[in-house]
Amino acid sequence: MAYVNGRYMPMRNAVVHVEDRGYQFGDGVYEVCEVRGGELIDRRRHLARLKRSLDELRIRMPMSEAALGVVLREVVARNRIGYGTVYMQVTRGVARRDHAFPTTEVPPSLVVTGRVLNRARNETLAAKGVAVVSVPDDRWGRVDIKTIGLLPNVLARQTAIEKGAREAWLIAKDGTVTEGASSNAWIVTPAGSIVTHPADHTILSGITRAVLFEAIKGQGLTIEERPFTLNEAYAAREAFLTSASQIVVPVVTIDGRTVGDGKPGPIATGLRREFHRFAERG
Ligand code: PDD
């Protein structure tokens, strides 16, 4: 079941207008929230980021955060999601095709869908660790806005899959790793400090990333928020990625080179275990 502009309907009937600006221009934003034990994880933070993305694009919130919370929970319930994700997308709405914003007031479109994920499969994946490959970061200059315009991310992920990897790490012109195609990127240096890119305009400021900062401090570990190079990542003791759908996933190879001893490291594994003690539920 999906929620589409005011109605809950079966997925096969869940359609949007051909002149929706999301469809024609990618003129919209989205969020993905984890669901665990039937509860939304970090809803408040995801909705705050949704609001920020919308503000940056001058699209209004389609409804209050409280009302949106009700819709999200309804989609979770109607799809009987114990473990999985909810996806919400807001676009500038339906208007005759013209690049500039509609001149008359158009209501933003809101779509919410949910997905059940296989928990055992995700745990197995995390226990084995994943491969990543590097690709040039050729995205636009405002990837801090969570827009639905994801073509470079789509192509990066496809390259990764075709090379037998799980995720692509995006490399800026100066050789530093910005983030993954749909995740944030982290390494643990040989000296044991945890490094991730600063949350500026060149990465999406992940909610998982923000919560993990608290978990890292909680464990008395050191964080360095700074760009790191691909070469530094090759030589790292551990590497991992974070996202709402996968939480913390150890990276065991980068471009076919083994990271550390080639097994998921203790820091990544520990943070994955600890994460939900620091996340908000419900
Ligand atoms: N992706 N960076 C990018 C480019 C992302 O698309 C995502 C999330 C993240 C991690 O953000 P968070 O921890 O808030 O999920 C970082 C979602 C899961 C997706 O596109 O499916």
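## Exposed arginines

Arg115 is classed as exposed, because its relative accessibility is 55% (buried is under 20% relative accessible area, exposed is over 50%, and partly exposed is in between, with a 1.4 Å probe and protein chains only). The model is a predicted one, in which local features need a pLDDT of at least 70 and side-chain atom pairs count only at pLDDT 80 or more, while totals for chains, interfaces and linings use all residues. Residues are numbered from 1 along each chain as its sequence is written, and side-chain values use heavy atoms, without hydrogens or water.

Arg115 belongs to strand β6 (helices, H or I with at least four residues, and strands, E with at least two, are DSSP runs numbered from the N terminus). Between the C-alpha atoms of Arg115 and Gly82 there are 9.7 Å in space, with a sequence separation of 33 residues. Arg96 sits in the loop that joins β5 (84-91) to β6 (109-116). Arg96 also counts as exposed, because its relative accessible area is 73%. The C-alpha of Arg96 is 9.9 Å from that of Val18, and the two residues are 78 positions apart in sequence.

## Ligand contacts

The ligand is surrounded by 20 residues, and the closest of them are Tyr30, Glu179, Ile207, Thr208 and Ala244 (a residue is near a molecule if one of its heavy atoms lies within 4 Å of it). By class, this shell holds six nonpolar, eleven polar and three charged residues (Ala, Val, Leu, Ile, Met, Phe, Trp, Tyr, Cys and Pro count as nonpolar, Asp, Glu, Lys and Arg as charged, and the others, Gly among them, as polar).

Two or more shell residues come from each of the elements β3 (28-36), α2 (43-57), β9 (176-180), α6 (207-218) and β14 (238-243).

## Positive phi at two aspartates

Asp42 is not a glycine, yet its phi is positive, at about 55°. Asp42 lies in the loop between β4 (39-40) and α2, and Asp42 counts as buried because its relative accessibility is 2%.

Asp255, likewise not a glycine, has a positive phi of about 50°. Asp255 is placed in the loop connecting β15 (247-254) with β16 (257-258). With a relative accessibility of 29%, Asp255 is partly exposed.

## Buried helix residues

Leu125 is part of helix α4, residues 119-128. Leu125 is buried, because its relative accessible area is 19%. Leu125 and Pro250 are separated by 125 residues in sequence, while their C-alpha atoms are 8.9 Å apart.

Ile267 is a residue of helix α8, which spans residues 266-278. A relative accessible area of 11% puts Ile267 in the buried class. From the C-alpha of Ile267 to that of Gln219 the distance is 9.8 Å, across a sequence separation of 48 residues.
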